[in-house]
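User: I've got a two-chain model open here and would like to talk through how it is put together. Can you take my questions one by one?

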Amino acid sequence: MERHFDEELGNLRKELLRMAAMAQEAIFNSIEALKSRDKSRAQEVIDTDDKIDRLELEVDEKCIDLIARHQPMAGDLRFITTGMKINSELERIADLAVDISQRALELIEKPILKPLIDIPKLSVVAQNMVRDAIDAFVKRDVSLAKQVMSADSEADRLRNLVQDELINDYMAKDISTASRAVPLLLIARHLERICDHATNIAEDIIYMVEGKVVKHHTGDLS
Amino acid sequence: MDNPAILVNGLNLWYGGFQALKGINAAFRGKVITSIIGPSGCGKSTLLRVFNRMNDLAEGVRCSGEIIIDGVNILEKDADLVALRKKVGMVFQRPNPFPLSIYENIVFGTRIHLEAKKSDLDCIVEHSLRAVLLWDELKDKLNRSALGLSLEQKQRLCIARLLAVKPDILLMDEPCSALDPQATQRIEELMRELKRDYTIVIVTHSMQQAARISDDTGFILLGELVEFGRTERIFTKPDDRRTEDYITGRYG
């Protein structure tokens with residue numbers, strides 16, 4: 001039976017996808033700004049964050065309203081509560097894109113320390129994980145969500161590579177490089193955190209679709 | 001499960017040629033609230049009524065299978081129905097006090113089931129009215145007619161009337177459907193209090209009520225017990241698609 005409620009859930013899904021698109025664009029622009037040393041692009045990411053924050057509040061309000069008015073059960077309840085969590089993960093992802101842009105603005109003012117190799121690779125992993133997590137949400141695809149979760153180890157590996165190189169090859173040898181190496185270290189850290197948020201979204205999707213809790217290794221991933 | 005309060009094995013029930021219950025198996029835990037939910041006509045009230053053999057009053061009723069309460073199959077032909085109905089009491093949709101005083105309503109069953117002195121009866125009246133939180137309101141009006149009470153008070157009185165004969169199991173057939181939201185809330189609070197001492201099985205049309213008050217929930221569709229389990233699981237991640245469709249309003 002078609003329900004009016006389905007239309008409302010459809011609207012919630014659209015809002016979440018709008019939020020996801022904005023967060024993905026923020027990550028992309030922050031990394032492009034870093035790579036091309038584009039101050040205005042970095043600033044644009046920072047300025048756009050207000051919109052994402054407002055949208056987060058709207059989506060939250062919508063979820064609370066749906067719970068209050070419809071007292072959803074079972075799959076509907078899992079969809080809405082998962083939606084609230086994904087909403088908050090996306091907002092945190094957008095905040096991290098702002099952090100990356102702020103680091104980029106610092107770096108643009110200084111001479112280039114080294115060509116960027118692993119950070120762009122890490123950014124591709126992060127962007128793919130966020131994209132796949134959102135795809136898994138749209139398609140209710142548990143196996144894609146599990147792929148996102150397993151990709152997180154690649155993100156950790158790349159972050160460690162960046163960290164080792166910047167500490168051992170630069171800062172340990174010449175401490176004056178720290179003012180440029182530390183922002184790069186932080187960017188790697190921000191990207192790795194984005195991957196963690198994508199992993200959280202993937203875990204939430206498994207709960208949404210199957211009702212299984214896999215967070216904090218409480219469930220079987222097989 | 002160790003010692004369920006009600007154990008149902010392969011229960012079938014027919015009204016003439018119509019099979020109202022089909023192969024029901026379930027173990028109702030003691031001293032918890034179990035809700036039975038399902039669309040109108042699915043057999044949920046029939047299941048409730050069979051627990052104290054109220055269905056015997058309908059014409060052409062046949063049962064097979066067994067229902068074990070206190071080690072006894074209550075479907076046996078020679079089952080002691082008076083003892084059964086003392087042990088397993090029923091509260092109905094609309095409160096149905098007798099056209100007697102409040103006092104006489106409560107002691108009515110006691111007079112049938114128990115040999116009791118006047119002082120014992122006074123004690124039972126006070127105890128029963130206290131249990132349903134009516135004592136303070138009614139202690140000075142015990143000789144007034146029960147028909148003058150509000151709907152909620154009448155429903156509480158009907159519960160008190162059951163408690164007076166010291167049952168183990170309370171069956172409630174939509175006990176709040178005639179009540180407003182505040183009275184419903186107060187009866188639900190009362191049910192939470194009562195489950196400390198009694199096993200409660202409630203049939204309700206309100207999914208929200210089932211979710212709020214019950215520990216276990218069973219979903220019946222077309223005479224079949226589709227799913228039975230802990231309420232928090234049934235309402236967040238039911239196993240059966242039909243349960244999901246019903247509780248999310250897609251059924252129909």
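User: What share of the 222 residues in chain A is buried?

Analyst: Bear in mind that this is a predicted model, so everything here is computed from it. A residue counts as buried once 20 or more other C-beta atoms lie within 10 Å of its own. For the 222 residues of chain A, the buried share comes to 40%.

User: What radius of gyration does chain A have, next to that of a compact globule?

Analyst: The C-alpha trace of chain A spans about 70 × 40 × 20 Å along its principal axes. A compact globule with 222 residues would have a radius of gyration near 17 Å. The value for chain A agrees with that, at 19 Å.

User: In chain A, what percentage of contacts between residues at least 6 apart in sequence join residues at least 24 apart?

Analyst: Start with the contacts in chain A whose partners are at least 6 apart in sequence. Of these, the share joining residues at least 24 apart is 79%.

User: Let's go to helix 4 and helix 5 of chain A: are they roughly parallel or antiparallel?

Analyst: Helix 4 covers residues 118-139 of chain A and helix 5 covers residues 142-171, and their axes are 9 Å apart. They pack at an angle of about 165 degrees. Angles over 145 count as roughly antiparallel. So helix 4 of chain A is, relative to helix 5 of chain A, roughly antiparallel.

User: Is the crossing of those two, helix 4 and helix 5 of chain A, left-handed or right-handed?

Analyst: Residues of helix 4 of chain A in this contact include Leu122(A), Val125(A) and Met129(A), while those of helix 5 of chain A include Val148(A), Ala151(A) and Leu158(A). By class, the contact of helix 4 with helix 5 of chain A has seven charged residues, one polar and 15 nonpolar. As for the crossing of helix 4 and helix 5 of chain A, it is left-handed.

User: Where in chain A does Gln71(A) lie?

Analyst: Gln71(A) has a phi near 40 degrees, a positive value in a residue other than glycine. Its 14 C-beta neighbours inside 10 Å are why Gln71(A) counts as partly exposed. Gln71(A) sits in the loop between helix 2 (39-70) and helix 3 of chain A.

User: Which element gives the most to the side of chain A that touches chain B?

Analyst: The contact takes twelve residues from chain B and eleven from chain A. On the chain A side, five residues are nonpolar, three polar and three charged. The element giving the most to that side, with five residues, is helix 3 (residues 74-108) of chain A.

User: Now chain B: what is its radius of gyration?

Analyst: Chain B has ten helices and ten strands, and its C-alpha trace spans about 55 × 45 × 35 Å along the principal axes. Of its 252 residues, 44% are buried. A compact globule with 252 residues would have a radius of gyration near 18 Å, and chain B agrees with 18 Å.

User: Which helices do the buried residues of helix 3 of chain B pack against?

Analyst: Helix 3 of chain B runs over residues 102-113, and its buried residues are Ile102(B), Asn105(B), Ile106(B), Val107(B), Gly109(B) and Thr110(B). The buried residues of helix 3 of chain B pack against these helices of chain B: helix 4, helix 5 and helix 6.

User: How are helix 6 and helix 7 of chain B oriented to each other, roughly parallel or antiparallel?

Analyst: Helix 6 (residues 151-163) and helix 7 (residues 181-194) of chain B pack at an angle of about 20 degrees, with axes 10 Å apart. Helix 6 of chain B passes helix 7 of chain B in a right-handed crossing. Angles under 35 degrees count as roughly parallel. Helix 6 and helix 7 of chain B are therefore roughly parallel.

User: Last one: is Leu133(B) exposed, partly exposed or buried?

Analyst: Leu133(B) lies in the loop between helix 4 (118-131) and helix 5 (135-138) of chain B. Its phi is near 60 degrees, a positive value in a residue other than glycine. With 14 C-beta neighbours inside 10 Å, Leu133(B) counts as partly exposed.

Technical notes: Residues numbered from 1 in each chain as written. Chains lettered and ligands numbered in written order. Predicted model: local features only at pLDDT ≥ 70, side-chain atom pairs only at ≥ 80, totals over all residues. Axes fitted to C-alpha atoms, helices over the stretch in contact; angles between N-to-C directions. Helix = DSSP H or I, 4+ residues; strand = E, 2+ residues; numbered from the N terminus. Parallel < 35°, antiparallel > 145°, perpendicular 65-115°, else oblique. Left-handed = near helix turned anticlockwise from the far one by under 90°. Rg over C-alpha atoms; globule rule 2.2 N^0.38 Å. Buried ≥ 20, exposed ≤ 12 C-beta atoms within 10 Å, placed from the backbone. Contact = placed C-beta atoms within 7 Å. Nonpolar A, V, L, I, M, F, W, Y, C, P; charged D, E, K, R; others polar.
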